[in-house]
Amino acid sequence: EYRLGNGQTFLFHEHELLALPGITHDLTDEDGAVWLCADRLKRNDPPKPSETLAPWLDLSPDPDRTPLPRDHLLKTVSKPECDELVASGQARVEDCAESLSADAKGQFDVRLRLEDRPEIAREAEQYLSLSWLPWSVGERPRRRSIALYQKLFEVVQLSELGGAEQAIEVVWGIGLSRWIKDGAVIDLPLIERLVEIEIDERAAGTIRIRPRQAQATVNLRPYDELKIEGAPVAQDAARRAIASVDDDFGVSPFQRETFEPVLRACQT
């Protein structure tokens, strides 16, 4: 529910965290359970094309932006070089003109067309299919992992700078409840467990999220506000189910036996 002044929120769903490089779950270290671990990754640049192909490609570091071959290049050359390009069929006479640039007096501007260079077009096609595309497929999830790390890093900073009067609590939710009732939309986890988030500078800035000692709670507040009959009974049943969980570990999203009875009580 926390929002910055610009409206930014910090909300992460399970599907956003799955199968990402550098993101691992359900670990244990000397300090106890680690529910999520995020490594600080670096971006990989796209593979470099050959010196011949490079001028013809509009190459971007964005893996979602497919590089497109340019249909022409402009090149400023001397008069003998211009004549050689025309004589060898690499340039057309109508594409050669004396340069109007003040610092290129006596030289010629030549338009080189991609359609006159089928070998460049073939090389570009091979580069895209054999080099750029495999890089792009592997880099996309890496960039999502990097973006996730950055958001988690912001959460760490906010939690450290909040102070006692504006303390920010990080909550791990289990069991998503979705319902539309009389125009009201419920979309939140039923079980909440307070967690702490930390940065380990000794481990290259790895971010770890681990459960706090506080017991899990059940959030049925929206159902109370909507005066749903049975909400108080469900609250009591869920609390008893939580109390029966082993105190050494508590409710864990990775141990179904710790949260399923709680969710069943609420569902019933």
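Modeller: A residue is called buried when its relative accessible area is under 20%, and exposed when that area is over 50%. Please keep in mind that this is a predicted model.

Colleague: Then is Leu20 buried or exposed?

Modeller: Leu20 has a relative accessible area of 7%. The cut-off for buried is under 20%, so Leu20 counts as buried.

Colleague: Where is Leu20, and which residues is Leu20 in contact with, leaving aside its neighbours within four places in sequence?

Modeller: Leu20 belongs to the segment before strand E1 (23-29). Apart from neighbours within four places in sequence, its contacts are Pro141, Arg144, Ser145 and Leu148.

Colleague: How far apart are Leu20 and Glu196?

Modeller: In sequence, 176 residues separate Leu20 and Glu196, and in space they are 21 Å apart, C-alpha to C-alpha.

Colleague: What about Ala19, buried or exposed?

Modeller: Ala19 is exposed, because its relative accessible area is 78%. Ala19 also lies in the segment before E1. Although Ala19 is not a glycine, its phi is positive, at about 55°.

Colleague: And what is the phi of Asp182?

Modeller: Asp182, a residue other than glycine, has a positive phi near 55°. Asp182 sits in the loop between E8 and E9, and is exposed with a relative accessible area of 73%.

Colleague: Changing topic, how much space lies in the largest pocket?

Modeller: The largest pocket holds about 1800 Å³ of space. Its lining is made of 44 residues, and those nearest the centre are Leu11, Phe12, Val171, Gly173 and Pro189. Two or more lining residues come from each of helix H2 (118-161), strand E8 (170-181), strand E9 (184-200) and helix H3 (221-225).

Colleague: Which element gives the largest share of that lining?

Modeller: E9 gives the largest share, with eight residues. By type, the lining has 29 nonpolar, seven polar and eight charged residues.

Colleague: Finally, what is the radius of gyration of the protein?

Modeller: The protein has a radius of gyration of 30 Å, whereas a compact globule of 268 residues would have one near 18 Å. Along the principal axes, the C-alpha atoms fill a box of roughly 90 × 50 × 40 Å.

Colleague: How many helices and strands are there, and what percentage of the residues is buried?

Modeller: The protein contains five helices and eleven strands. Of the 268 residues, 33% are buried.

Technical notes:
Residues numbered from 1 in each chain as written. Predicted model: local features only at pLDDT ≥ 70, side-chain atom pairs only at ≥ 80, totals over all residues. Heavy atoms only, no water. 1 Å grid on protein atoms, 1.4 Å probe; cavity = no way out; pocket = protein on both sides within 12 Å on 5 of 7 lines; lining within 4 Å. Points joined across faces, edges and corners; volume = space filled by probe spheres on them. Nonpolar A, V, L, I, M, F, W, Y, C, P; charged D, E, K, R; others polar. Buried < 20%, exposed > 50% of the residue type's maximum accessible area, 1.4 Å probe, protein only. Contact = heavy atoms within 4.5 Å. Rg over C-alpha atoms; globule rule 2.2 N^0.38 Å.
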